[in-house]
Amino acid sequence: LALALYTGSLPVLSCAALVYHDYCIIGAGPSGLQAAYFLQRASRDYLVFERSHAPGSFFALYPRHRKLISINKRYTGKSNSEFNLRHDWNSLLSHDRRLLFQHYSRDFYPNADEMVRYLEDFASLLKLLVQYNTAIIHVTLERDEQAWNGHYFILTDQDRQNYKCSCLLVATGTWVPNVVNFPGSEYVEGYETVSTNPEDFTGQTVLILGRGNSAFETAENILGVTNFIHMVSRSRVRLSWATHYVGDLRAINNGLLDTYQLKSLDGLLEGDLEDLAIVKDKKGKLHITLRFYVENSNISAGIDSITLPQDELDNFAPRAPYDRVIRCLGWKFDFSIYNRSLKMMPGKGDKKKYPQIKPNYESTSTQGLFVLGTASHSIDFRKSAGGFIHGFRYTTRAVHRLLEKRHHGVPWPSAVYPVTQLTNSIIKRVNEASGLYQMFSVLADIILLRENATAFEYLEEYPVGILAELEMQTGRKAPSGLFVVIMEYGKNFSGADKDVFYYNRAVGEAQHAWQSNFLHPVIYFYKHLPTEHEMKLRPPDWPLPRPDAIHHIVEDFLTDWTAPNAHILPLRRFLENCLSTDLRNFFAESCFLFAFTRQKLPPFCRQGYMRMQGLEGSEGLLRHAVEAGLLQDYSITDFMGDRPPDSHKGSQDQLLRDHVISVHPLQHLVNAKDE
């Protein structure tokens, strides 16, 4: 009986030992720290769990050869901090100017050790709540109708301590190496353990499996000491300058392309790695063959009993034996810690290394579970920068704003301006906004029109994938139409097989702006908020459904969209056509004339000049109107000999009173008091 009572009390004790937080963040890498920063600024209850003794443990090991491929451009010629973030790919977002990466490294491609030091300072200087040396080994659900999402998340660490939270933010990145199993794969060295000392490869022949930056980084390190290097992968090489995707091969690592194309022994091959096999001869050399040859042979009898491709095709490309084979196939998300109740499923095709998530970065199967950082890259894989610091620092902020609305009733930040500021607001944002620039085709500025288009509400960097849910997700209404401001490349300009250096690759005339190839602003106009059905039916490679009107601001060599004729004038006319109004600015004299000659004044005159009051007559105003040719001079001169000299002033006063009477019907317009 005592044993039964003791055993029955265990769940109760376990529940009592739970440590509760509203928000749990797994991983203190860049995205985890960025999420913690926003939660702390909002005074939310959160805790970050980090398995290592310090933040950014991934960067303590990778990249193996320590040179980052994220640029650290310290000089742009401008002092605008928002603009400068367009070319700072390493800094996280914060209010502390000390935490800009330019203060940590002078190198254009920094050393990874500097990133580790930067993340340590980011966590400590901002006093973020991180619990180190805590490895979360299991995550499951506890159903509860009183919870925010109908359930709590129960996290268990390596010491069997349990934690309970209402919202789970997964920021673990992708850190599990991709491994391909084939006959002889036991002879392959992994990128995560291979030597980084070039001297260890002196005079050797090396085969590298993979075609990404880690593969070329490894090749670059040993290029000058090996006999030759061959590289094999199932797909062709993808150059980042052709695809405009920063995750593809960068120029800093592509030395092997030179030695291949200039016939200096090194080379690239295409083939499915799962069809390969490796056999080892008596001298320790590694031979490449095909899987079906091995499966149809007696391996125990030795290499002499195995058919090699060169036995049938004497010029088989990789027929020379190799001293080493190195696997550089990237990483994938760790699904192992999540209980089946969470239904964390991998994506499909090229996205299978990422978990399935919705466009709001929430798990497709579990409400309240959000994926941040590199692991959320399935949303914009090979399209934008969401898998890298300079991209996910903005998507993490967007997720925080969504959570603020969902759980705390805080609407998406916005600003309301008179419609006369519409053109200026768009021009300002497309010229300096870093979130739009880095997360092109994914994040957009939303302009919600107020009734009668007299004013607008401006929302910054909203995920376009959930545009149909805007009113629910932001707490803002769109009853009178909206503009969407987004950045895009030309539709047919990016691809592994594209020649991006052809002669007439850029356009400069506003009338050809729709043919712009390089990154440029695009403005979509919708009379009504698009529906979820319309979002699903959008054309291929379009970030948004077909709008009621669309405008491309012509690409610019300097990415400076401030040219009066090429950029601003066409934009203003597009906005005027959409709103059926005049968005020009006018001098006071013009507004004064319009007040007498038009039934409807331009918004600038109504909102800035007239200020909703009638005109007040005065001698100075009359004189000004006469001199400007707006009124006839009715001043009475001394042509009547019997009128006393000072009676002229009385006539003027009477005339002014007469003119005031004629102006009164305009009182419903606006005020010219401070003309």
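## Buried cysteines, a disulfide and a parallel sheet

Cys328 is buried, at a relative accessible area of 3%; buried here means under 20% relative accessible area, exposed over 50% and partly exposed in between, with a 1.4 Å probe and protein chains only. Please keep in mind that this is a predicted model, in which local features need pLDDT of at least 70 and side-chain atom pairs count only at pLDDT 80 or more, while totals for chains, interfaces and linings use all residues. Residues are numbered from 1 along each chain as its sequence is written, and side-chain values use heavy atoms, with hydrogens and water left out.

Let us stay with the cysteines. How many disulfides does a search of the whole structure find? The search finds 1, a disulfide being a pair of cysteine sulfur atoms within 2.5 Å. Cys591 and Cys605 form this link, with their sulfur atoms 2.0 Å apart. The link is left-handed, with -80° about the S-S bond. It joins distant parts of the chain, 14 residues apart: Cys591 sits in helix H17 (residues 588-597) and Cys605 in helix H18 (residues 603-610). Helices (H or I, at least four residues) and strands (E, at least two) are DSSP runs, numbered from the N terminus. Cys167, by contrast, is in no disulfide; the nearest cysteine sulfur, that of Cys165, is 7.6 Å away.

Here are the burial values for some cysteines:

| Residue | Relative accessible area | Class |
|---|---|---|
| Cys591 | 0% | buried |
| Cys605 | 0% | buried |
| Cys167 | 0% | buried |

Now to the strands. From strand E2 (residues 46-49), Tyr46 and Val48 point one way, Leu47 and Phe49 the other, and all are buried. E2 pairs with strand E1 (residues 19-26) in the parallel sense over 4 bridges; two strands pair if DSSP finds at least two bridges between them.

Met115, in helix H5 (residues 112-125), is buried at a relative accessible area of 0%. Leaving aside neighbours within four places in sequence, Met115 is in contact (heavy atoms within 4.5 Å) with Phe59, Leu68, Asn90, Phe101 and Ile389. His390 lies in helix H11 (residues 389-408) and is buried, at 2%. With the neighbours within four places again left aside, His390 is in contact with Asp88, Trp89, Val246, Ala385 and Gln438.
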